[in-house]
Amino acid sequence: MIIAELRCVVCGRSYRPDEVAYTCPVCGQAGTLDVCYDYDALRRMVAREDIERSPDRSMWRYRALMPLASEAAVPPLTVGGTPLYDAPRVASALGLAQVWVKDDGRNPTGSLKDRASALIVARAMAEGIRVVTTASTGNAAAALAGLAASVGLPAVIFVPETAPEAKIAQLLTYGATVLLVKGNYDRAFDLAVAAAERYGWYNRNTGMNPYTLEGKKTVAFEIAEQLGWRMPDAVVVSVGDGNIISGVHKGFRDLHALGWIDRIPRLIGVQADGSAACYQAWKTGADPATMEPINAQTVADSIAADLPRDRVKAVRAVRETNGAFVSVSDEAILAAIPRLARESGVFAEPAASAAYAGAQAALAEGVLSASDRIVLIVTGSGLKDIRSAMRVAGSGHPVAPDIEEVEQVRQALGLPSLR
Ligand SMILES: *Cc1c(COP(=O)(O)O)cnc(C)c1O
Ligand SMILES: [Zn+2]
């Protein structure tokens with residue numbers, strides 16, 4: 001699709017897509033860019049029914065609404081097309097009218113980040129770029145490494161050396177060059193920027209590259225189509241850098257501008273108490289553009305960010321949809337892992353179970369009400385961080401290979417015998 005312009009979210013200046021690759025030259029890193037389209041032209045070119053007829057179940061069924069030339073090749077891994085489960089036991093446990101669980105842990109590398117990396121790799125191929133790079137707490141890196149491997153593109157990854165080992169295992173297995181940064185995500189981010197600058201590599205850094213969000217917005221397209229274009233009352237999603245919630249917002253804004261949906265749901269952003277910069281800015285009415293970094297600490301590594309890179313768009317997403325931010329404790333995030341799993345069968349990593357904990361908090365605070373119908377986005381698979389899951393999963397029952405020991409366990413647990 002043809003991009004009309006890139007517009008700075010802070011100063012409103014517009015740029016041609018060939019003029020600027022990353023953030024606003026005037027505003028610096030706070031000035032992330034919106035990818036803007038000519039919706040009148042788009043409306044004439046594509047209809048909802050065209051999409052509904054597409055046999056492609058992946059995110060590329062929406063490629064007419066994405067910033068990629070129509071003839072451009074896309075990576076072969078199947079990204080998107082993830083299930084949206086009606087989860088009545090989650091709804092009744094939380095005390096909500098209806099809850100759907102969007103299981104984006106089902107993507108090829110196990111997180112929603114694949115949507116962004118698929119588009120970035122497709123754009124890199126179209127432009128003949130030979131090396132891609134990113135900083136990441138783990139999932140964006142795994143996504144870039146996997147998608148790059150699928151097309152034979154070298155990837156250089158900057159991760160904090162403390163990233164969960166499953167994520168580092170993914171990077172190494174996909175054959176990426178992995179730089180284990182002695183420092184946190186924010187230090188890794190700056191190092192990736194410096195390396196991309198120095199060597200001319202294409203930088204996928206979240207919130208800096210305007211196109212990651214354009215890939216992530218496809219999760220909103222899928223939710224809309226899976227619900228028959230009838231909007232839920234709210235969508236609850238966790239927030240670290242704020243790129244996913246901004247992508248969800250952009251997806252719904254695109255559909256609204258096209259007249260395919262009649263309203264945009266409220267967006268509820270969930271942060272961890274130890275990494276709650278967007279929550280604070282929203283609550284105090286502070287200008288997110290001029291925020292100072294905090295020292296983020298949370299068990300949910302994928303949402304730890306000292307200075308959320310897409311904070312301006314994230315706060316805008318919540319303000320413009322009359323949504324809210326909520327902040328939840330690490331204990332609540334961990335406790336939500338087995339609850340969500342037992343009530344829906346979906347196993348989430350901490351940053352994803354945070355959405356469940358956030359819905360609980362939102363109800364307790366009156367941000368959501370019992371009559372609401374909501375979507376929880378599960379952004380990453382529980383297999384990403386087994387250590388966290390094991391802290392709350394309980395333990396097994398050691399037995400000798402002897403049926404009488406099974407009998408003792410059965411009696412102790414009160415499990416029925418069906419004989
Ligand atoms: C990246 C990520 C998030 C947060 O997305 P942001 O764009 O950083 O706000 C949440 N959950 C998971 C599993 C992630 O990988
Ligand atoms: Zn600007």
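## Exercises around R309 and the zinc site

The side chains of R309 and Q29 are joined by a polar contact at 2.8 Å. Keep in mind that this is a predicted model.

**Exercise 1.** Describe the surroundings of R309: where does R309 lie, is R309 buried or exposed, and which residues does R309 touch?

*Solution.* 
- Step 1: Find the place in the chain. R309 sits in the loop between helix 11 (277–284) and helix 12 (311–320).
- Step 2: Check the accessibility. The relative value for R309 is 9%; buried means under 20%, so R309 counts as buried.
- Step 3: List the neighbours. Leaving out residues up to four places away in sequence, R309 touches Q29, T32, D186, F189, D190, T206, G207 and D241. Q29 is also the partner in the 2.8 Å polar contact.

**Exercise 2.** Work out the site of the zinc ion (ligand 2): which atoms coordinate the ion, and what is the geometry?

*Solution.* 
- Step 1: Collect the donors. The SG atoms of C8, C11, C24 and C27 coordinate the zinc ion (ligand 2) at 2.3 Å.
- Step 2: Look at the angles. They run from 105 to 114 degrees among the four donor atoms, and the site is tetrahedral.
- Step 3: Read the spacing. The donor residues follow the pattern C-x2-C-x12-C-x2-C in sequence. C11, in the loop between strand 1 (3–8) and strand 2 (14–15), and C27, in the loop between strand 2 and strand 3 (33–37), are 16 residues apart, and this pair links distant parts of the chain.

How values were computed
Residues are numbered from 1 along each chain as its sequence is written. Chains are lettered from A and ligands numbered from 1 in the order in which they are written. This is a predicted model: local features need pLDDT of at least 70, side-chain atom pairs count only at pLDDT 80 or more; totals for chains, interfaces and linings use all residues. Side-chain values use heavy atoms; hydrogens and water are left out. Donors are N, O and S atoms within 2.8 Å of the metal (3.2 Å for Na, K and Ca); water is not among the atoms, so sites may look incomplete. Four donors count as tetrahedral if all angles lie between 85 and 135 degrees; four count as square planar and six as octahedral if opposite donors are over 155 degrees apart and all others between 65 and 115; anything else is irregular. Helices (H or I, at least four residues) and strands (E, at least two) are DSSP runs, numbered from the N terminus. Buried means under 20% relative accessible area, exposed over 50%, partly exposed in between (1.4 Å probe, protein chains only). A polar contact is a pair of N or O atoms within 3.5 Å; within protein, one must be able to donate a hydrogen and the other to accept it, and residues adjacent in sequence count only if both atoms are side-chain atoms. Contact means heavy atoms within 4.5 Å.
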